[in-house]
Amino acid sequence: MARTRTPVVSGWFTEDAPDGGGFRLLGTRCSACTAVFFPREDAYCRNPQCPGGGDLVEVPLSSRGRIWSYTDGRYRPPAPYVSDPAVPWEPYTLVAVELEAEGMVVLGQAAPGVGVTDLAVGMEVEVVGGVLNEEGGLTGVSGAAGAAGATGTNAATDATDATDATDATDATDATGTVWTTWRFRPVGGAA
């Protein structure tokens, strides 16, 4: 039996964008004022200038953007973060990215192996799929905090992340859930 790939937060991203764009974050656009939101908004337009009466339509967001800011997490976050205290803490890199077309800033983790010394403000990055945790793994955060990038990793998750997100579930003898999320990976030099 194969592993089940499950997004950490349903509806926040897709691994197969309808426009053929591959992995993409998903937002919503108000048809009345054209404002775009991420995380998605399904109840009402959050734009105070909106004339109202519009529909909120799901839209794939830009696959690329530029680094607005970045930092690293050098300490183990407190509860509700879940981790094995017996495993040494491994720092992780958080990246705030201004998406190309939307002009909004989205927070996420950097791809495995990318540290603060590899980044620069203005550098172009792309959003890619990643594995946050596997059922039975040691580290991860459930819910919106994990999806928004406020997560940590350790050697167990780094080993999973080092595998391409698609390849991580190819084993047919493994069972369980692979919790998927997004990461940002550099694609060019500093701007």
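Me: In this chain, how much of the contacts with a separation of 6 or more comes from residues 24 or more positions apart?
Reply: Residues 24 or more positions apart supply 70% of them. Keep in mind that the model is predicted.

Me: How do you know how far to trust the prediction, and what is the mean pLDDT?
Reply: The mean pLDDT of the protein chain is 78, and 75% of the residues reach 70 or more. The scale runs from 0 to 100. Residues 137-173 fall below 50. That stretch still has 93 contacts in the model beyond near neighbours in sequence.

Me: What makes up the chain, and in which order do the elements run?
Reply: There are two helices and ten strands. From the N terminus, the order is β-β-β-β-β-β-β-β-β-α-α-β. Of the 191 residues, 45% count as buried. The chain exposes about 9500 Å², with carbon and sulfur atoms supplying 51% of that area.

Me: Why is Ala 17 called buried?
Reply: Its relative accessible area is 3%. Buried means under 20%. So Ala 17 qualifies. The residue lies in the loop between strand S2 (13-14) and strand S3 (24-30).

Me: Which residues does Ala 17 touch, not counting those up to four places away in sequence?
Reply: Gly 22 and Arg 24. Contact requires heavy atoms within 4.5 Å. Val 59 is 42 residues from Ala 17 in sequence, and the two C-alpha atoms are 9.3 Å apart in space.

Me: What is Thr 34 called, buried or exposed?
Reply: Exposed, because its relative accessibility is 54% and the cut-off is over 50%. Thr 34 sits in the loop between S3 and S4. Thr 34 also has a positive phi of about 70°, although it is not a glycine.

Me: How do you know which form the peptide bond from Phe 38 to Pro 39 takes, cis or trans?
Reply: Omega is near 0°, and the bond is cis. Pro 39 is in the loop between strand S4 (36-37) and strand S5 (56-60).

Me: What are the relative accessibilities behind calling Cys 30 and Cys 33 buried?
Reply: Cys 30 is at 2%. Cys 33 is at 18%. The limit is under 20%, so Cys 30 and Cys 33 both count as buried.

Me: What makes a set of residues a core here, and which residues of the largest one touch the most other members?
Reply: Members are buried residues of the listed nonpolar kinds, joined through side-chain atoms within 4.5 Å. The largest nonpolar core has 26 residues. Leu 25, Phe 38, Leu 61, Val 95, Val 106, Trp 182 and Phe 184 touch the most other members. Strands S7 (92-99), S8 (105-110), S9 (124-134) and S10 (177-186) each give two or more residues to this core. A second, separate core has six residues, including Cys 33, Phe 37, Cys 45 and Cys 50.

Me: Which residues is Phe 184 in contact with, leaving aside neighbours within four places in sequence?
Reply: Among them are Val 95, Val 97, Val 106, Leu 107, Val 125 and Val 127.

Me: What makes S7 a mostly covered strand?
Reply: Seven of its eight residues are buried. S7 has strand partners too. Strand S6 (residues 64-73) pairs with S7 in the antiparallel sense over eight bridges. There, Ser 69 has Ala 96 of S7 as its bridge partner.

Me: Why do S7 and S8 count as paired, and over how many bridges?
Reply: They share five bridges, antiparallel. Pairing takes at least two, so S7 and S8 pass. Val 97 stands opposite Val 106 in S8. Five residues lie between the strands of this hairpin, where Gly 103 takes a positive phi near 75°.

Me: How do you know that S8 and S10 pair, and in which sense, parallel or antiparallel?
Reply: They have two bridges, in the parallel sense. The requirement is at least two, so S8 and S10 meet it. Gln 109 has Arg 183 in S10 as its bridge partner.

Notes:
Residues numbered from 1 in each chain as written. Predicted model: local features only at pLDDT ≥ 70, side-chain atom pairs only at ≥ 80, totals over all residues. Heavy atoms only, no water. Buried < 20%, exposed > 50% of the residue type's maximum accessible area, 1.4 Å probe, protein only. Helix = DSSP H or I, 4+ residues; strand = E, 2+ residues; numbered from the N terminus. Areas by Shrake-Rupley, 256 points an atom, 1.4 Å probe, with all protein chains shown as cover.
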